[in-house]
Amino acid sequence: MTKETSGNGNEIIISADSHVMEPHDLWEKGVPASLRDSAPRFTPLPVGEGFQKHPGGQDPHARIGEMETDGLTAEVLYPTLALSLFALDDARMQEACFRVYNDWLIDYCKAAPKRLVGTAAIPLYDADYGIKEMERCKKEGLKGVTIWQVPHPDLPFHSSHYDKFWAAAQAMEMPISLHILTGHSYFKDPNRRKGVEHYRGSVNLKLLDNANALFELIFYGILDRYPRLKIVVVEAEVGWLPFLLQQWDYYYHRFRDRNPPPINKDPSEYFKRQIYATFFNDSVGGRCLEWWGGDNCMWSNDFPHENSTWPNSRKVIQRDLGYLPAEKRVKLVCTNVAKLYNLEIPPA
């Protein structure tokens, strides 16, 4: 292991999944006046409580200091409160809320544009509107987009509704992120998040949402038709993925002659070519990375949330990835994410 990847302060580390913490009243103040009476409202959280664990969630200047404490060079940023807004049933309200959030994020990232890498929240009830918002946010400096991981039941990913959006994201070289807890799934039902059922959601249902989204993108030929489209599976860890891909490949070969899907490669080949996955506290996945996923997986710290690896990210990286060869480890903590988002890597 070289000096640059031995866990000391010289290692360049970029988190592929961190978060901002939006002001609780961002939408009730920011959406057009005609929508304010029904705008989403959130309970204010003092710094130090819940997802508002650190000041840097809202203050980008404080965040830079917190990044220094954790030893990070840059972070890819996702919403916190706005994740739940992907489940809104009102298309116009969702469009207004996401525009307000994206404007706030654009200003936030301006504090350190080479270190704070924003991903825009894109509404997709209307694909044309989504494309225009993606174009606007790219011009303002955001580096990728987040869409619902679980679409509205009337708009499955395999429908033609998304074709122009996939094409536009490919042309603009904007990676598309599918973050957990976004869209129309179990988390819309409050009973699914109480008592014992909370554990089912945190593991079983979360992984099912991820598997179903990837299945549609691969098996329905979306990645085949758009070979330069890049998809990021966010905050679901990675230890489960090699088994899933192994099984998909097996059944693809077993049944393709009598029931051919609209693809001509092994499902795992599409994954290798076009899909990325983030992880932040996955020792099982860390062992898999010895032989799988070196070009597709990206470490993250989930800052500023309460289960973040901050301020011990270097220790966690050493625990889970310290056994890897230097050239593979540097991909996982730095160069994979830098290449995906076209980031400038400073000297060690």
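Reply: Two strands pair if DSSP finds at least two bridges between them; strands (E, at least two residues) and helices (H or I, at least four) are DSSP runs, numbered from the N terminus. The model is predicted, so local features need pLDDT of at least 70 and side-chain atom pairs 80 or more, while totals for chains, interfaces and linings use all residues. Residues are numbered from 1 along each chain as its sequence is written, and side-chain values use heavy atoms, without hydrogens and water.

The open sheet has eight strands with parallel pairing, in the order β1-β2-β3-β4-β5-β6-β7-β8. At its edges lie β1 (14-19) and β8 (297-299), each of which pairs on one side only, and from one strand to the next the twist averages 30° (axes are lines fitted to C-alpha atoms, for helices over the stretch in contact; angles run from 0 to 180 degrees between N-to-C directions). Within this order, β5 (residues 176-179) runs parallel to β6 (residues 231-234) and is joined to β6 by four bridges, with Ile 176 standing opposite Ile 231 in β6. Helix α12 (residues 326-341) packs on the sheet, touching (heavy atoms within 4.5 Å) β1, β2 (74-78), β3 (116-121), β4 (144-147), β5, β6, β7 (275-279) and β8. The direction of α12 makes about 115° with that of β8.
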